[in-house]
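Thanks for coming, everyone. Please take a look at the structure on the screen, and then we'll go through a few spots in it.

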Amino acid sequence: MAPRKPSELTVLSRRKSRLLGQITQIKNCLENVDSPLNQAGLKHKLASLSEIKGKIDALRNESYSVLSDEELPNFESSLDKMEEDADNLEVSLNTLLEPYNVNTSELSVKNNFSNCNVKLPSINLPEFSGQYIDWLQFKSQFVSLIHENTCLSDSEKLYYLQSALKGHAKQLQTVNDSYSSLFEALKGRYENKRLIVNSHIAELLNPNKIKFESAFHLRNLIDSIQSHLRALKQLELEPNTLCESMLIFVKTQRLDDESRKQYEMELHSNDLPRWDKFLDFLIKRSQALENVQRNYSLKNKNEYSPKFKSLVVKSDKRTCPLCSLEPHPIFKCKQFHDMSVQDRNNKVKSLNLCFNCLGHHLIKNCVKLNKKFPEITGCVPTQPFDLTKMNLPQNITYADAEFNIPKQIDIPLGGEIFYELLKIKQIKLHGNSIILQDSVFGYIITGSIQNDQSSYYFCNFIQDQVDKNLTKFWDLEAIGIKKESSSNPNDQAMQHFKSSVRFNSGRYEVGFRWKRDKQELNNNFSVAENRAKSLAKRFIRDPTLFKQYFEILKEYESQGIIERVFRTEKPTDRAVFYLPHQAVFRQESLTTKIRTVFDASSHEDGQLALNECIWPGANLNPNIFHLLIYFRLNTFAITADIERAFLQISLRDEDRDAVRFLFPELESNQTNPYKFQVYRFKRVMFGVNVSPFLLSATIKYHIEKYREQYPAATEMLDTCFLYVDDVISGAENISQALKLSKDADTIMKSASMTLRKWNSNNQTLMRTWKGEGLEIHPRHSEDSSQIPLSKVLGIPWNVVHDYFIIDVKGLMELDTSKPITKRVVLQSAGKTYDPVGFLSPYTIRLKCLLQELWLRKLAWDDELPPEICAIWSQWWSELPLLSELKIPRMILDSSGDSNSFITVEPELQR
């Protein structure tokens, strides 16, 4: 048997691996300090690197033509990483070559650096992310290390400065691309004495409350105080008597009760306390507590048997889940008492409380129902340990303030509630051996420390949902039989919409309903930046694409759909999220060939996506099956859509920073493709999970105003809109169709929405629409043979002859030269789009075949047995016949004539 020919992806991956190996060799040569490269060697490596980058470009262009849509993103991402590594190496090589290109006699001994010819990056620089409070320290260190180093050229200094900038500071725009311009821009932005002083004062006046006696927390407080006072002293702000008295008052309020009492006992007069004496007390107090806690650890080292490990801790006091004001149980809450019985029932259900005792557990776990409750003995942790060795972060709240002291477990928490308590943030210490997990109670400590003799075992259970999801392939057979779920009247997004929708300046304004704290949402900048870099490289290779993309952006800006963001610092009172985006081409589209698609489901590793933080809202769209049936009942078929429907709805100002995006600044800066402008949406944009709901809810809200004035048109708009902004309707005569369309156009224009691309199977109606000023479908109306196919909810429709056809192009593109496996059969089923069930006699055979494959327990990539493969091949051979089907759109007129019928040819035989 001849060896199987490798796939295109395998061949390209092998070529990519070879190029990656060459890049790694060059990198290893630069890092080899024992055998540094001379001038000739550096030039040779630079030439080799240029050749490698050319091959990467060729490999990328080839991948566009041979890889599938599923394979391309990962492959292109790996090429981007290789290209970025090559760019960094090129900068390093050019920098190392620079001393050979200048007169070395010009380098005098004015500087204090012993080695000027240092490989990049060789200086460990502090990072600056745009926080005003960090600017002076960063500037001081950078000036001494880099700015005053006369051995470094301006290009080298620029490289160091750009590598040190992170977050918002990295987005700062400059007049040109020089070092001096960037450094001066940073000074102009961040050397704001008033803001810096305010930041330090805010930190001094708002320390975290120390809840218990702790040397660790006292030392943190001391370090924090001295750090901020030292920074203020550098700004020539010396503390006076009034200032010191105020600080002492603020700090004593944040001490634990015992430390505050000890300090009061230290005061022997009614005179104003001195700041140096207060600081001296804090230092002595922390030393005393440290000694006490260390002695306690040694004394009780072996008192506890290491049998259990703490996973979750319980807060002693729980805030009411309803009013969130006082630490009382919900059954004592006045707001709960004032509710009706039904409202109480719904609230208990939504809060996941026990219906028996209103506790924070499910009823099946309620101990008051005389169910057996597991008994847990022993203490956690198993022995005390010294906090001073853990180097814990400052200024965070812990769920158990005394987690280092062994205690009995208060109560176990079940899996059904545990993960609801966790938040997204994690802090890892000591090589990931200790993890601080944020929760609703504060940070939970888990992990292991040295000299721990215990052995712990963990078990995770993951349920494979593939079988469950595959049942959707059989759902079509139950259309009209299974009861459809209705929208929840208590839906969070709907309640928020009704209370917040506004009509301003001719259009509606809506907002997001957040289901998580906005501060939990990371800004996703690194993901958006990496995607924008890939997009910039693509623009450089394809200037035409850049021109089209840029024109769309400028059109959006001129129409008030987006706006430029010049102050990119994170606001304190709102969420900030950067959306990656890409171009999607639709050559079959008659109006928009290229669309910009935004990804609100992207996220950094371990962080939340924007779509995870917003309530998506109920599905308000009509049933697609019902719509298509209704579309087939009328003599005159009518379709239209709303021009840029989502973008006609304003987004409230406080949510606009959550839909920011980056765009390469190539128009004014061709030398550095990695400079980006920041924009944000002012309108609702497609890509956020709640956008379809907001569009449907807004339309339904709007048309209710016209229910009495235009009853027929409002009924059509209410029942015939889809989330994809299409109108699907019909009428029995031209006059009825014309009135419906004109009334609908009037209603929607009053909300700044334009109905366009009016289309019908009747040419007279099309000409009448055009005469009335309605924008008809852009088709070749004079020559019916040249009229392209339209699509109704994804089904191709021959408008002139008024019949549907079946599109099998996606299925025919399947590569049958490869072995036929269960995965291939499932892909074939997934590519069959048939929402009405036209092809059920044909597709049911494939579904039965899938059932047979499951019964035989074949793996995904096992080749089908010969007898099964023969059945699939017969099914596949009949596929081209589907394209010959012509299914009349109109099956019955709306009068219900029982004599109406259809004939579908050709007949498919099994």
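Where does Asp802 lie? Asp802 sits in the loop between β18 and β19, and β19 covers 803–804. Keep in mind that this is a predicted model.

Now the backbone there. Asp802 is not a glycine, yet its phi is positive, about 60 degrees. For background: most residues other than glycine have a negative phi. So which side of the cut-off is Asp802 on, buried or exposed? Buried means under 20% relative accessible area. Asp802 has 16% relative accessibility, so Asp802 counts as buried.

Step back to the loop between β17 and β18. That loop holds Leu793. Leu793 is not a glycine either, and its phi is positive, about 55 degrees. What is the relative accessible area of Leu793? The value is 10%, so Leu793 is buried.

Next, a sheet. What is the strand order in the open sheet of three strands? The order is β6-β7-β12, and the pairing is mixed. The edge strands are β6, residues 502–504, and β12, residues 650–651. Each of those two pairs on one side only.

Let's look at one pairing. β6 runs antiparallel to β7, which spans residues 507–510. Three bridges join this pair. In general, strands of a sheet pair through backbone hydrogen bonds. Which residue of β7 stands opposite Asn504? That is Arg507.

To recap: Leu793 has a positive phi, and Asp802 has one too. Over to you for discussion.

Terms used: Residues numbered from 1 in each chain as written. Predicted model: local features only at pLDDT ≥ 70, side-chain atom pairs only at ≥ 80, totals over all residues. Heavy atoms only, no water. Pairing = 2+ DSSP bridges. Helix = DSSP H or I, 4+ residues; strand = E, 2+ residues; numbered from the N terminus. Buried < 20%, exposed > 50% of the residue type's maximum accessible area, 1.4 Å probe, protein only.
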